[in-house]
Amino acid sequence: MDTQLLQPTNENIMRCAAKLNGGGLVAFPTETVYALGAVATDSAAVKRLYDVKKRPSDNPLIVAVSKKSAIDGVAKNIPPKARVLIERFMPGALTLLLDKADCIPDIVTAGSSTVAVRIPNNPIALKLIDLVRKPVVVPSANTSSKPSPTLASHVADDLKGKIDYILDGGESEIGIESTIVDTRTEPPTVYRVGGVTLDKLKAAIGDVVVRRDGKKSIKYAPQADILFSAFYDNMSDNICRKYDELTARGRKTLILCLNCNKKKYGDRAVFTVGKDYSEYAHNLFARLRKADAERYDAVIAEGVEPKGIGESLVNRLIKISGGQII
Ligand code: TXA
Ligand code: MG
């Protein structure tokens, strides 16, 4: 299959909508990371999407709609706290777990009666879903086990030749995935801390519990071993020690650090991730892809203070490192 990279003109977005309605697979930008879309009610298209991503069939997909009123079409029994979050954060980097409506096929939810729903906050995504006039599944547009894509070129690296179109919307604004919340429990349960920070969630609905992934975490990057440091004042000393130890064992090692810390690592190999935690989140996945492209064996990421988006970053670092904290 020939995968075409398209600029997000009105005409091209219409082409993509028609392709999705004909059972095709189209990648498009969202404010968190790029999505791989298929019409959620088209089981055959969704099946093909699982195959193309090499995604295990027991891992359900998020469903996106373009407006709040459409949530009632894909979910039912919406709890009051979900209504609060919908008003406060949608469109945005929030995904709600809700009772699924009958129109959502089992393949989308991996057999569960729960559907994950979100409204992406990106004009291209919203326009596309609006034109499709049906709910669209929006998993990240990467091959399973690779970092989520934050550029159209990342999507092409993983999926070129396997999907119909890639709409190029430039860099993803946030760079890490949406926050996933279940308001059907009391207190509500957070399954993934992402674009909407825990502080903001708590300000909107009060206390929440954060559930650590029950499943064994799978590393994102198959080549490099990812480790990350706990956050504390002299963490750079510890990171340097670990770097030197790995290098002495012949492992090509890289450090990911904030711009302001670069000089602490002397002439060790470093990729900077930006000036603050937002930029760290924005750049993390792109840097991991670059580390793989440059064939690093190990990546040591600086730890961050678990505040605001820093908390979402810690959550991601735990996941991508498989919990390898130094
Ligand atoms: O920001 C995002 O959410 C991005 C953009 C592209 O929309 N999408 C994304 O999708 O991160 P994915 O497939 O990479 O991650 C979705 C997560 C998975 O961990 C999946 O297990 C969980 O959401 N999930 C989806 N449906 C679920 C359901 N019905 N019940 C429980 N968890 C669900
Ligand atoms: Mg993903």
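This is a predicted model: local features need pLDDT of at least 70, side-chain atom pairs count only at pLDDT 80 or more; totals for chains, interfaces and linings use all residues.
I started with H4 against H8: Lys81, Val84, Leu85, Arg88 and Phe89 of H4 touch Lys200, Leu201, Ala204 and Ile205 of H8. Contact here is heavy atoms within 4.5 Å. By class I get six nonpolar, no polar and three charged residues in the contact of H4 with H8. For the classes, Ala, Val, Leu, Ile, Met, Phe, Trp, Tyr, Cys and Pro are nonpolar, Asp, Glu, Lys and Arg are charged, and the others, Gly among them, are polar.

Residues are numbered from 1 along each chain as its sequence is written, chains are lettered from A and ligands numbered from 1 in the order in which they are written, and side-chain values use heavy atoms, with hydrogens and water left out.

**H4 and H8, the geometry.** H4 covers residues 80–89 and H8 covers residues 198–205; I find their axes coming within 10 Å and crossing at roughly 125°. Axes are lines fitted to C-alpha atoms, for helices over the stretch in contact, and angles run from 0 to 180 degrees between N-to-C directions. Helices (H or I, at least four residues) and strands (E, at least two) are DSSP runs, numbered from the N terminus. H4 and H8 are therefore oblique to each other.

**H1 and H6.** Next I looked up H1 (residues 10–21) and H6 (residues 123–132), which pack at about 50° with axes 9 Å apart. That angle makes H1 and H6 oblique, therefore, and their crossing is right-handed. On the H1 side I noted Asn10, Ile13, Met14, Cys16, Ala17, Leu20 and Asn21, which meet Ile124, Lys127, Leu128, Leu131 and Val132 of H6. The contact of H1 with H6 splits into nine nonpolar, two polar and one charged residues.

**H10 and H11.** For H10 (residues 277–293) and H11 (residues 309–321), I have axes within 9 Å and a crossing at roughly 20°. H10 and H11 are therefore roughly parallel, and they cross in a left-handed way. Among the contact residues are Tyr277, Leu284 and Phe285 of H10, plus Leu313 and Ile320 of H11. The contact of H10 with H11 has 10 nonpolar, two polar and one charged residues.

**Ligand 1.** Which residues come nearest to ligand 1? I count Thr32, Asn59, Thr114, Ser140 and Ser178 as nearest out of the 21 around it, where near means a heavy atom within 4 Å. I also jotted down some polar contacts (pairs of N or O atoms within 3.5 Å). Ser178 has a polar side-chain atom 2.6 Å from an oxygen atom of ligand 1. A polar backbone atom of Thr114 is 2.8 Å from a nitrogen atom of the ligand. For Arg118, a side-chain N or O atom is 2.9 Å from a ligand oxygen.

Met90 and Pro91 are joined by a cis peptide bond, omega about 0°, and Pro91 is in the loop between H4 and strand S6 (94–100). Glu186 to Pro187 is cis too, with omega near -5°; Pro187 lies in the loop between strands S10 (179–182) and S11 (189–192). Last entry: Lys54 is not a glycine, yet I find a positive phi of about 55° there.

Conventions:
Angles under 35 degrees count as roughly parallel, over 145 as roughly antiparallel, 65 to 115 as roughly perpendicular and the rest as oblique. A polar contact is a pair of N or O atoms within 3.5 Å; within protein, one must be able to donate a hydrogen and the other to accept it, and residues adjacent in sequence count only if both atoms are side-chain atoms. A crossing is left-handed if the near helix is turned anticlockwise from the far one by less than a right angle, and right-handed if clockwise.
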